Amino acid sequence: NIIFDDNVKSIKECEPTKSDCRLLNQRKSLNTPHCTTVRVASYITAILTLNVDNKQQILTQRIEQLRCAFQTLLVQRFADRIEDGMARFIWLINNYSIVIAIMNKEMNIATTKTYRVFSEALNKLSNQYIEEELKQHLSRWIGFTLTMEQKLSNDEKTKIDMSQLESVAREFKTNWKEKLKVAMNNIRENFALNVDATITQQIDEKELFRNQKVIKKKFLQQLLVYHARFEQVVSKIFANQGRNSQIQALIVPGNTMKYDVKALFGMFNE
């Protein structure tokens, strides 16, 4: 009990210094988890593993106290000091991913509430990051698709200036591959965890980079989702205003997108 209370107390008393705030707002610091992350994750994992069969309620409650204190430290006391929203996502994702990497060494705790809460937080942040990364590179194309979906939902006979569609389609066809390469490089750099060699050996390098690979895959899947939605919008516009062969030639076919996306995924996982 004393050891547990000391852990919770040290987490609750950990406040960012001016130096911490300066470092958190430097790009190179985003890949480095908070100094308490590995210790807390390892401690929680050990207790959950010991309790997996006995399921003592007092231990479960105490672990939840430690988890809440740790998440408050990460989100409210440290991440909130990061001025850039995208940088905040990256730092939190890197912290949560190392927690999950440590907990994944004991697969029998994957059904616990603690694991589920950490996993859900990681998934939510990853999805938010993916949306922001896509919009940074393909904002006009995505914006057009979302706006037209709304207009067509309000009035299915909506008509538009076809030159706008032509411009959006041309820009996407010309630039999407290069922009995706930049985005995939960003993901590779943003989620390359900076930890000690001893921690890498303890966790396993493959596990450390699992989340980076998951984000790459989900990023490309979301791109294909937006492309399918764009194709649906184009089909509805053509149904209202007649098919335009010149614009049709600018629409990247779905099968071509899937083939090229698969190739990109392979290229950035070598």
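Trainee: How many helices and how many strands are in the chain?
Mentor: The model is predicted, and its elements, read from the N terminus on, run α-α-α-α-α-α-α-α-α-α-α-α. The C-alpha trace spans about 75 × 40 × 35 Å along its principal axes. The count for the chain is 12 helices and zero strands.

Trainee: What share of the residues of the chain count as buried?
Mentor: A residue is called buried when its relative accessible area is under 20%. The chain has 270 residues, and the share of them that count as buried is 46%.

Trainee: Among contacts between residues at least 6 apart in sequence, what percentage join residues at least 24 apart?
Mentor: Contact here means heavy atoms within 4.5 Å. Taking the contacts in the chain between residues at least 6 apart in sequence, the part that joins residues at least 24 apart is 82%.

Trainee: Are α6 and α7 roughly parallel or antiparallel to each other?
Mentor: Helix α6 covers residues 113–154 and helix α7 covers residues 162–190; their axes come within 8 Å and cross at roughly 170 degrees. Angles over 145 degrees count as roughly antiparallel. The two helices, α6 and α7, are therefore roughly antiparallel.

Trainee: How many nonpolar residues does the contact of α6 with α7 have?
Mentor: Sorted by class, this contact of α6 with α7 has five polar and four charged residues. The remaining class, nonpolar, has 12.

Trainee: Are α6 and α10 roughly parallel or antiparallel to each other?
Mentor: Helix α10 takes in residues 210–241, and α6 packs with α10 at an angle of about 10 degrees, their axes being 10 Å apart. The contact of α6 with α10 divides into 18 nonpolar, eight polar and seven charged residues. Angles under 35 degrees count as roughly parallel. For α6 and α10 the result is therefore roughly parallel.

Trainee: What kind of ring pair do F70 and F118 form?
Mentor: The count of aromatic pairs comes to seven. In the pair of F70 and F118, the ring centres are 6.3 Å apart and the planes stand at 70 degrees, so the pair is edge-to-face.

Trainee: How many residues apart in sequence are the parts tied together by F70 and F118?
Mentor: F70 is buried at a relative accessible area of 0%, and F118 is buried too, at 1%. F70 lies in helix α4 (residues 57–78) while F118 lies in helix α6, so the pair ties together parts whose separation in sequence is 48 residues.

Trainee: And what kind of ring pair do Y96 and F118 form?
Mentor: Y96 counts as buried at 2% relative accessibility. Y96 lies in helix α5 (residues 85–103) and F118 in helix α6, so their pair ties together parts 22 residues apart in sequence. The ring centres of Y96 and F118 are 6.1 Å apart with planes at 50 degrees, so the pair is tilted.

Trainee: Which residues do ring pairs link into a cluster?
Mentor: Rings pair if their centres lie within 6.5 Å. Such pairs link into a cluster W141, F144, F172, W176 and F230.

Trainee: Which residues is S97 in contact with, leaving aside neighbours within four places in sequence?
Mentor: S97 is found in helix α5 and counts as buried at 7% relative accessibility. Leaving aside those neighbours, the contacts of S97 are L122, L193 and N211.

Trainee: What is the value of phi of D204?
Mentor: Most residues other than glycine have a negative phi. D204 sits in the loop between α8 (197–203) and α9 (205–208), and is partly exposed with a relative accessible area of 40%. Phi of D204 is positive although the residue is not glycine, with a value near 95 degrees.

Trainee: Which backbone nitrogen does the side chain of D20 reach?
Mentor: D20 is found in helix α2 (residues 18–24) and counts as partly exposed at 24% relative accessibility. Not counting residues up to four places away in sequence, D20 touches E15 and F78. The side chain of D20 reaches, at 2.9 Å, the backbone nitrogen of T17.

Trainee: What distance separates the C-alpha atoms of D20 and H34?
Mentor: D20 and H34 are 14 residues apart along the chain. The separation of their C-alpha atoms is 10.0 Å.

How values were computed:
Residues are numbered from 1 along each chain as its sequence is written. This is a predicted model: local features need pLDDT of at least 70, side-chain atom pairs count only at pLDDT 80 or more; totals for chains, interfaces and linings use all residues. Side-chain values use heavy atoms; hydrogens and water are left out. Axes are lines fitted to C-alpha atoms, for helices over the stretch in contact, and angles run from 0 to 180 degrees between N-to-C directions. Helices (H or I, at least four residues) and strands (E, at least two) are DSSP runs, numbered from the N terminus. Angles under 35 degrees count as roughly parallel, over 145 as roughly antiparallel, 65 to 115 as roughly perpendicular and the rest as oblique. Ala, Val, Leu, Ile, Met, Phe, Trp, Tyr, Cys and Pro count as nonpolar, Asp, Glu, Lys and Arg as charged, and the others, Gly among them, as polar. Rings of Phe, Tyr and Trp (its six-membered ring) pair if their centres lie within 6.5 Å; planes under 30 degrees apart count as stacked, over 60 as edge-to-face and the rest as tilted. Buried means under 20% relative accessible area, exposed over 50%, partly exposed in between (1.4 Å probe, protein chains only). A polar contact is a pair of N or O atoms within 3.5 Å; within protein, one must be able to donate a hydrogen and the other to accept it, and residues adjacent in sequence count only if both atoms are side-chain atoms.
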